[in-house]
Structures are given as C-alpha cells and as structure tokens.
Amino acid sequence: MGSLICDLPHLEHLVLNGQLSMFGSCILQYKGMSLRTLKLHDDVKPDDSIRCVPDQEYIRLLGRSCTALETFAIDVKVEEAWPWETFTTIAESLWYIVHLELDLEMPSSVRPNSNQPVSSTKVTLSTVREIWNFLWNRISRARHELNHLVSRPRLRTLKLTPSTRDYVDQVSFEARLSERDDLAAKGQADIVCLELEGLYEKYGYGKTENEDRERFRRDLVSQAEEGPSNQKQITMKAVGGSVINYQARPLETTLTKMAAW
C-alpha cells in the first residue's frame, strides 16, 4: 500500500481506514505537500484490542508535511477529561486547516458490574461550542506567533463524531462558522446536531404527528443538550436461580430509525 501511494503522480485526496501504520513519514515526505484532503480513521473495536490513534508527535509531523491541507479528519481518544493538549497540538500544527473532523473515542459509559458512570465527559451542544472556541483561539494565537499577515483562522467547520466500545447510541455535531461577517470575524459558530438536522430536513421543524417519530425527536433533542444517558444495567434471573447482569444496548442506531420512516 505504501509503495502504491508513493507511485501516484499527484495525490490530493487520501482516505485511509485502519491503515494508519502504512501512512508513514516517508509517504508524508513525498506526498504530503500535494494533499488537500487527508482522513485517517481506525474503527472503534468492541473488545479490548488496540485502536490506532495518532499521537501528538505524529500530528506535528502532519502539520509540517501537509501544509496544503484544507480538510483533515483524525481519531482522538478521550479519557476522564477532554484532551486539551491534543486539541492544542492540532490547532498549533494545523493552523491553516479549513475543515476539521474529529472522531472522538469516548470512555465507557459505566463501570463493569456497576451503574456508576466512568466519566461525566459528554459531547453536547455546549461542549462542542467550548471545543470550537478553544480551537479558534489557539489557531489565532498560532497564526499571530508565526507573524502571519492574517491572524484570523481559516477554520470554517468542525465535525465531532463520538463513539464508544460499549455501543452507547450517540449523536454527532458540526460547528459552522457564522455566515454573518461581523460574527464570523469574532469566531462565532452555529452548532448543530447532524441527526436532528437530518430529521428536521426530512419532516420539518416542530412537533410531529407520528408518536414514535415525536418520541425519537425528543430523544435526539435530549441527547444533543444533555448527552447520551448512561446504559442501564439489567438484572435477570436465569434458569436455576442464578443472577445475570448485562448492559442494555440500543437495538437500532439513529440513522437506521430515520431510514425506516
């Protein structure tokens, strides 16, 4: 795969899923300068297998090698708190980026054999705005420190897609730089839940007449504002009287539900 990429005469768009290890420094050296779109992703595994998530040094290498990038997508691991150091590295290394997509591997929603949450970190409308503001300010500072003629960031969109190993149904978000020039100059963005936006585009805004659809709409609004609820642990008695605990998982994803209507 690496040699095939190097043999391409002019590479502008590259999407790799699960092949991050093949996209090494050698390829960056020869092909990085021509890239305008780069998306690196490794799916979240349901078990404890290691997911390939770029470290901060790799992000710095990307920033030095791919200076023509406009669209960049990368996986970020979230622990007990937001990875502000990683966000800082992205902003300082990719200060020229226009569209940024972050696939956030969130911590498990509940501790094993317990109803207690592992972390209160959740992706919501308010936290997306907080992350957007942080990145915007860090990019502005980086451009200023580089004595760039224009200190205003080029960043126009930020897409955040959370995922977990325990299959908690989550919604994704996008921050979009305001179309009003006065607000855009201040770095203000409109924050939208993409699944909720898709529902509104299909059925219109406001309350719907379909009971199931309305329940689903309210659930999306709740997730967007408050984040996903922790999985409920269900206790059942099996044959013989033994007790079995297991974590409830959503039967359908939000997109599957929308497609069914």
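## Loops, a helix and some cysteines

Asp42 sits in the loop that runs between strand S2 (37–41) and H3. Keep in mind that this is a predicted model. Is Asp42 buried or exposed? With a relative accessible area of 11%, Asp42 is buried, because the cut-off for that label is under 20%. If you skip residues up to four places away in sequence, Asp42 touches Asn17, Gly18, Arg51, Cys52 and Asp75.

Now for another loop. Thr67 is found between helix H3 (56–65) and strand S3 (71–77). Its relative accessibility is 40%, so Thr67 counts as partly exposed. Which residues is Thr67 in contact with, once neighbours within four places in sequence are left aside? They are Met33 and Tyr96. There's also a pairing across the sequence to look at: Thr67 and Leu94 are 27 residues apart along the chain, while their C-alpha atoms are 7.8 Å apart in space.

Asn147 belongs to a loop too, the one between helix H5 (125–145) and strand S5 (157–163). Its phi is positive, near 55°, and this in a residue other than glycine. Asn147 counts as exposed because its relative accessibility is 66%.

| Residue | Relative accessibility | Class |
|---|---|---|
| Asp42 | 11% | buried |
| Cys66 | 0% | buried |
| Thr67 | 40% | partly exposed |
| Asn147 | 66% | exposed |
| Cys193 | 6% | buried |

On the cysteine side, how many disulfides does a search of the whole structure find? The count is 0. Cys66, at 0% relative accessible area, is buried, and Cys193, at 6%, is buried as well.

Last up is helix H8, which covers residues 211–226 and has 16 residues. From its first C-alpha to its last, H8 reaches 22 Å, close to the 22 Å expected at 1.5 Å a residue. Which residues of H8 are buried? The list is Arg213, Glu214, Phe216, Arg217, Leu220, Gln223 and Ala224. As background for reading that list, an α-helix has 3.6 residues a turn, so residues three or four places apart point the same way.

Methods:
Residues numbered from 1 in each chain as written. Predicted model: local features only at pLDDT ≥ 70, side-chain atom pairs only at ≥ 80, totals over all residues. Heavy atoms only, no water. Helix = DSSP H or I, 4+ residues; strand = E, 2+ residues; numbered from the N terminus. Expected span 1.5 Å × (residues − 1). Buried < 20%, exposed > 50% of the residue type's maximum accessible area, 1.4 Å probe, protein only. Contact = heavy atoms within 4.5 Å. Disulfide = S-S within 2.5 Å.
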